[in-house]
Amino acid sequence: MSTSDKFNLFSFSGKMKILHMSWIAFFLTFYVWFNHAPLGGVISESLGLTTAQFKTLLILNVALTIPARVIIGMLTDKYGPRIVYSSILFLGSIPCFMFALADTFEQAAIARFLLGFVGAGFVVGIRMVSEWFPAKQLGTAEGIYGGWGNFGSAAGAMSLPAIALLFGGEDGWRYAIGITGLLSLVFSFIWYKNVTDTPKGSTYFKPKNNGGMEVTSKGDFVLLLIMKIPMYAALALLTWKLSPNGVSMLSELAANLIYVGLAVLYVYDSYKAYSINKNIFKEEVPEIHRYEFKQVAVLNILYFATFGSELAVISMLPLFFAETFELSMVQAGLVASAYAFMNLMSRPGGGLISDKFGRKKTLLILTAGLAVGYLTMAMIDSSWPLVVAIIAAMACSFFVQAGEGAVFAAVPLIKRRLTGQIAGMTGAYGNVGAVFYLTVLSMVSYQTFFLVIAATAVLGFVTLFLMKEPKGEIAEIDEHGQVQMISVS
């Protein structure tokens, strides 16, 4: 094995430099995206927010991420990760500074809504890493990218209260938030200066048409339209939570206008998808250029259950432990952080197992573990020893995050030129899952909440039997019209 083929985590040259630059960029987007969560109490006090208003900020923070991940995926495929990631880091600092300077709930709400697009940065690195690593190392590389980058939210929870205290006074939180924006701004230039979209001599394959996902059969086109519906449904659900039926941030009229707007947008989106894919209704796509969209659909459902449940569980776990075991919020926060800490090893672990034992087999095992993990969580009550409950939460967390790593070990192996869009749609489904699970949580007990997640994991396990193991090579056409074959196994 040549030096360039080796996977040396302590190297900072060639493909390893790209991996390290990518996870740092992702880390900073999550550091910025969740910078309000650990400072919630002081922010609420400083701006005079009610509990309902702060919860509204939490909803707004994830709202824009669903469409943003799809749009960023398209832009990444068209313009390349170098330009798109630097733009997200640069532009993301602006609403971050806006939030740091906010004096009213309305100003804070607009800034938090705009910050939702920072959460789409994850998609860009998936395409970047897939350009630099061979198929046999891709799961491990994507797992490290996802796991270490994802830790940005946990790092924020640990460091930002201390930074706010360091500055002191009632504006300490503003300086802490502002610093996250400054880091993002500075790194946007570092990223742009230090990366290239592909290794020297490699081709960056772009979609034939921009503005929507390409599919290669009529059946796949119908499935694409069906798989778009939950993303619009999640945005409608968020609107409902902000309407008079929820926290009353929106009037009945405004909410109804948004519902109509979402319906119109779905019709337009479907029309756009048809105009990009109308050739499949006239002639068959040659076998060599086909891919099966059901592969994407299965991965969407799995990410709904894995990352969707992670986002939901992280936001409720401290309260769950505090209420179940009568802990203080500080103790409960420390106990619950064990769930997030698993990300550092679990997600890379899932990718590594996927590289060694195959994509489908790994996903089947991890999804089964996910279902059992959440069934166990549903049984936890005050009669359990606390240490056993913590171990159960950490074991469940392993399957959740290793599952995320295994999903994104498969995403880049479906169709290279569409990797950004496939990652965008799959990533968006994670946020759709979070919206769904958090809405369920607002209506049912903790036990039922965990059972619902377990049921969706079982659904994911069943759909996995429709997935095919990526094997052999996929064909792409370069800018000179030449067919190039890319190994996916």
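Reader: Which residue in strand 2 does Ala475 stand opposite?

Author: In this predicted model, Ala475 faces Met485 of strand 2. The two strands, residues 473-477 and residues 483-487, run antiparallel and are joined by five bridges.

Reader: How many residues lie between strand 1 and strand 2 in the hairpin?

Author: Five residues separate the two strands of the hairpin. Within that turn, Gly481 has a positive phi of about 85 degrees.

Reader: How should I read a nonpolar core?

Author: In soluble globular proteins, nonpolar side chains tend to be buried together. Here, the largest nonpolar core has 157 residues, and Phe321, Tyr374 and Phe450 have the most contacts inside it. Helix 13, residues 293-325, gives the most to this core, with 19 residues.

Reader: With which residues is Phe321 in contact, leaving aside its neighbours within four places in sequence?

Author: Its partners include Glu326, Leu327, Ala332 and Val335. Leu386, Ala389, Ile390 and Ala393 are also in contact with Phe321.

Reader: Is Met231 buried or exposed?

Author: Burial is judged by relative accessible area, and a residue under 20% counts as buried. Met231, which lies in helix 11 (residues 218-242), is buried because its relative accessible area is 9%.

Reader: Which residues are in contact with Met231, leaving aside its neighbours within four places in sequence?

Author: Met231 is in contact with Ile66, Val70, Met425, Ala428, Tyr429 and Val432. Ala428 is 197 residues from Met231 along the chain, yet their C-alpha atoms are separated by 7.4 Å.

Notes: Residues are numbered from 1 along each chain as its sequence is written. This is a predicted model: local features need pLDDT of at least 70, side-chain atom pairs count only at pLDDT 80 or more; totals for chains, interfaces and linings use all residues. Side-chain values use heavy atoms; hydrogens and water are left out. A nonpolar core is a set of buried Ala, Val, Leu, Ile, Met, Phe, Trp, Tyr and Cys residues joined through side-chain atoms within 4.5 Å. Buried means under 20% relative accessible area, exposed over 50%, partly exposed in between (1.4 Å probe, protein chains only). Helices (H or I, at least four residues) and strands (E, at least two) are DSSP runs, numbered from the N terminus. Contact means heavy atoms within 4.5 Å. Two strands pair if DSSP finds at least two bridges between them.
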